[in-house]
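Student: I have a structure open on my screen and I would like to learn how to read it. Could we go through it together, one feature at a time?

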Amino acid sequence: MKAWLRFSTSIVNKSVISDIMKLFDIDFNILKADITPRGGKMLVEIDGPQASESISYMEDKGIEVTPILKVVKKDTDKCLECGACVSLCPVEAISILDDWDIDIDNQKCIGCGFCISSCPTQAIALME
Ligand code: SF4
Ligand code: SF4
């Protein structure tokens, strides 16, 4: 799963992330990070048999964990192929295929929701 981790000033200098990599059987990838001594946030991908335990551990230590919902193009019949959603995506997860169909790459999506609010026909939805 992908998730945003938010660090407050009091937690940012603690070794929670290196601890979970030692304590739990997980794959942990940092996709983005914006951290200063005053706190910050990190976009991560966590998988593996103990992913849930590692998330609980981080929350117990004071890290705010917000799982990212997946975006799906829910209703192909509603899509006008107008392209409004494409340019608004900050991670280039949406593309126009050769047949003008709109493709959303959930591996790239960070769940920001910009595409949803840009769509004139409510063709896109966020799902768990
Ligand atoms: S939710 Fe955000 S990141 Fe995901 S496809 Fe839409 S615009 Fe792109
Ligand atoms: S904004 Fe909506 S209607 Fe336009 S291309 Fe994207 S999904 Fe289709």
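Tutor: Let's begin with domains. The chain here is divided into domain 1, covering 2–67, and domain 2, covering 70–127. Keep in mind that this is a predicted model.

Student: How many Å separate the C-alpha centres of domain 1 and domain 2?

Tutor: Those two centres lie 28 Å apart. For the whole chain, the C-alpha atoms fill a box of roughly 50 × 30 × 20 Å along the principal axes.

Student: Next, how many helices and strands are there in the chain?

Tutor: You can count 4 helices and 8 strands. Following the sequence, they come in the pattern β-α-β-β-α-β-β-α-β-β-α-β.

Student: In what order do the 4 strands of the open sheet sit?

Tutor: That order is β2-β3-β1-β4, with antiparallel pairing. β2 and β4 (64–67) are at the edges with a single partner strand each, so one side of each has no neighbour in the sheet. From one strand to the next, the twist averages 20 degrees.

Student: How do I look at the pairing of strands more closely?

Tutor: Look for bridges, and then for residues that stand opposite one another. Take β2 (residues 27–36) and β3: they pair in the antiparallel sense over 9 bridges. These two strands form a hairpin, with 2 residues between them. Within this pair, Asp-27 has Asp-47 as its bridge partner in β3, and Asn-29 stands opposite Glu-45.

Student: Over how many bridges do β1 and β3 pair?

Tutor: Strand β1 (residues 2–7) and strand β3 (residues 39–47) pair over 6 bridges, also in the antiparallel sense. Here you can find Phe-7 opposite Gly-40 in β3.

Student: And where do the side chains of a strand point?

Tutor: In a regular strand, side chains alternate between the two faces of the sheet.

Student: Which strands does helix α2 lie across?

Tutor: Helix α2 (residues 51–60) lies across β1, β3 and β4. Its direction is at about 165 degrees to that of β3.

Student: Which residues is Ile-46 in contact with, leaving aside its neighbours within four places in sequence?

Tutor: They are Met-1, Ala-3, Ile-26, Phe-28, Ala-51, Ser-54 and Ile-55. For the chain as a whole, take the contacts with a separation of 6 or more: residues 24 or more positions apart account for 64% of them.

Student: Now the ligands. Which residues come nearest to ligand 1?

Tutor: Of the 14 residues around ligand 1, the nearest are Cys-89, Cys-109, Cys-112, Phe-114 and Cys-115.

Student: Which residues come nearest to ligand 2, and how does its shell divide?

Tutor: There are 14 residues around ligand 2, and Cys-79, Cys-82, Ala-84, Cys-85 and Cys-119 come nearest. Its shell has 10 nonpolar, 3 polar and 1 charged.

Student: Thank you, I can follow these features on my screen now!

Conventions:
Residues numbered from 1 in each chain as written. Chains lettered and ligands numbered in written order. Predicted model: local features only at pLDDT ≥ 70, side-chain atom pairs only at ≥ 80, totals over all residues. Near = placed C-beta within 6 Å. Nonpolar A, V, L, I, M, F, W, Y, C, P; charged D, E, K, R; others polar. Pairing = 2+ DSSP bridges. Contact = placed C-beta atoms within 7 Å. Axes fitted to C-alpha atoms, helices over the stretch in contact; angles between N-to-C directions. Domains from an automatic or database assignment.
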